[in-house]
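Below are some notes for a colleague who has the coordinates open, arranged as numbered points. They may be read alongside the structure shown here.

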Amino acid sequence: MRGRSAVGVACALLMLLTALLSGCQSPSGAADEAAEGRLGETETESTSEPRLPPTRPAGYGAVFLGVDECSSFGTTSFTEVPCTSERAAARVVARHDGKVGEGPLCPATTDFVLHISEQSRTSDEDGDGAVPQGYACMRNLTPPHPGDPGGGGGPRTIVGDCVYGSGDGQVRETPCDGEGKEQPQYKVTKAVDKRAKCPVSTALYVQLGGEKAVGCARPV
């Protein structure tokens with residue numbers, strides 16, 4: 001009896017020891033499986049979301065010097081840059097193909113015009129095609145704004161600008177505040193489509209362009 005009991009106790013102890021060893025290993029394996037499951041779910045969630053292709057900064061690169069894009073400094077040598085760049089100097093307010101004299105007028109308060117020469121597909125910055133000849137009407141990001149009324153510059157003469165006689169019946173713009181190289185002699189006070197519509201006080205007619213192409217100017 002004692003032999004059987006001893007054998008039974010020994011078997012019971014062996015089974016208990018086996019169970020304990022198995023119990024010590026099971027949580028680790030379960031934790032590993034759970035961890036693998038969590039990692040798998042995380043990866044699945046991240047890869048199930050659409051992966052968007054890299055995009056260029058807004059307003060930059062879609063079209064060479066398109067409207068609302070910016071250029072670096074310079075009117076003869078320039079590059080397109082993000083408007084947030086420290087190199088950005090002016091913003092495109094209008095963009096047209098062809099030559100300046102053959103296309104639409106720039107907006108009235110344009111500060112200067114960039115002439116864009118034709119470029120082949122290989123020199124196109126985004127590689128999607130050739131860049132045709134054209135021009136971009138630019139507005140400085142910060143003052144001064146020579147295209148503003150009385151500013152003394154800009155590609156167009158508008159109401160509020162001052163001019164001086166440059167000889168041969170020609171006039172040129174100059175700042176109305178008198179701080180330019182030339183002193184103002186006349187100021188454009190009104191734009192009309194016919195000279196007959198100018199005020200009686202008009203002393204000079206200035207060609208403006210556009211629908212109301214006649215500028216009525218009086219002495220300063």
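1. Cysteine 70 has a relative accessible area of 0% and is therefore buried. Please keep in mind, here and in the points that follow, that the model is a predicted one. The sulfur atom of cysteine 70 lies 2.0 Å from that of cysteine 83, and the two residues form a disulfide. The torsion about their S-S bond is about 100 degrees, so this disulfide is right-handed. Because cysteine 70 belongs to strand S1 whereas cysteine 83 sits in the loop between S2 and strand S3 (90-97), the pair ties together parts that are 13 residues apart in sequence. Cysteine 83, for its part, is partly exposed, with a relative accessible area of 25%.

2. How many disulfides does the structure hold? There are four, and when the bonded cysteines are counted along the chain they follow the pattern 1-2, 3-4, 5-6, 7-8.

3. Another of these links joins cysteine 106 to cysteine 137, with an S to S distance of 1.9 Å. The torsion about the S-S bond is -75 degrees, and the link of cysteine 106 and cysteine 137 is left-handed. Distant parts of the chain are linked by this pair, since cysteine 106 is in the loop between S3 and S4 and cysteine 137 is in strand S5, 31 residues apart. Both cysteine 106 and cysteine 137 are buried.

4. Cysteine 162 and cysteine 176 are also joined by a disulfide, with 2.0 Å from S to S. About their S-S bond the torsion is about 110 degrees, so the disulfide is right-handed. The pair links distant parts of the chain, with cysteine 162 in strand S6 and cysteine 176 in the loop between S7 and strand S8 (186-192), 14 residues apart. Cysteine 162 is buried at a relative accessible area of 2%, whereas cysteine 176, at 26%, is partly exposed.

5. Turning to the sheet, five strands form an open arrangement in the order S2-S1-S3-S5-S4, with antiparallel pairing. Strand S2 (80-81) and strand S4 (112-116) are its edge strands, each of them pairing on one side only. The antiparallel pairing of S4 and S5 runs over five bridges, and cysteine 137 in S5 is the bridge partner of valine 113. Cysteine 137 is also the residue that a disulfide joins to cysteine 106.

6. Some backbone details deserve a look. Leucine 65 is not a glycine, yet has a positive phi of about 50 degrees, and aspartate 68 likewise shows a positive value, with phi near 80 degrees. Leucine 65 is placed in the loop between helix H1 (2-48) and strand S1 (70-71), and aspartate 68 is in the loop between H1 and S1. Is leucine 65 buried or exposed? At 0% relative accessibility, leucine 65 counts as buried, while aspartate 68 is partly exposed with a relative accessible area of 46%.

7. The peptide bond from proline 143 to proline 144 is cis, its omega being near 5 degrees. Proline 144 is found in the loop between strand S5 (134-140) and strand S6 (162-167).

8. The largest pocket holds about 400 Å³ of space. Its lining is made up of 23 residues, of which Pro155, Arg156, Thr157, Gln207 and Leu208 lie nearest the centre. Strand S7 (170-174) and strand S9 (204-207) each contribute at least two residues to the lining of this pocket. Sorted by class, the lining has 13 nonpolar, seven polar and three charged residues.

Conventions:
Residues are numbered from 1 along each chain as its sequence is written. This is a predicted model: local features need pLDDT of at least 70, side-chain atom pairs count only at pLDDT 80 or more; totals for chains, interfaces and linings use all residues. Side-chain values use heavy atoms; hydrogens and water are left out. On a 1 Å grid over the protein atoms alone, a cavity is a set of points where a 1.4 Å probe fits but cannot get out, and a pocket is an open set with protein on both sides within 12 Å along at least five of seven lines; lining residues have an atom within 4 Å of a point. Grid points are joined across faces, edges and corners, and a volume is the space filled by probe spheres set on the points. Helices (H or I, at least four residues) and strands (E, at least two) are DSSP runs, numbered from the N terminus. Ala, Val, Leu, Ile, Met, Phe, Trp, Tyr, Cys and Pro count as nonpolar, Asp, Glu, Lys and Arg as charged, and the others, Gly among them, as polar. Buried means under 20% relative accessible area, exposed over 50%, partly exposed in between (1.4 Å probe, protein chains only). Two strands pair if DSSP finds at least two bridges between them. A disulfide is a pair of cysteine sulfur atoms within 2.5 Å.
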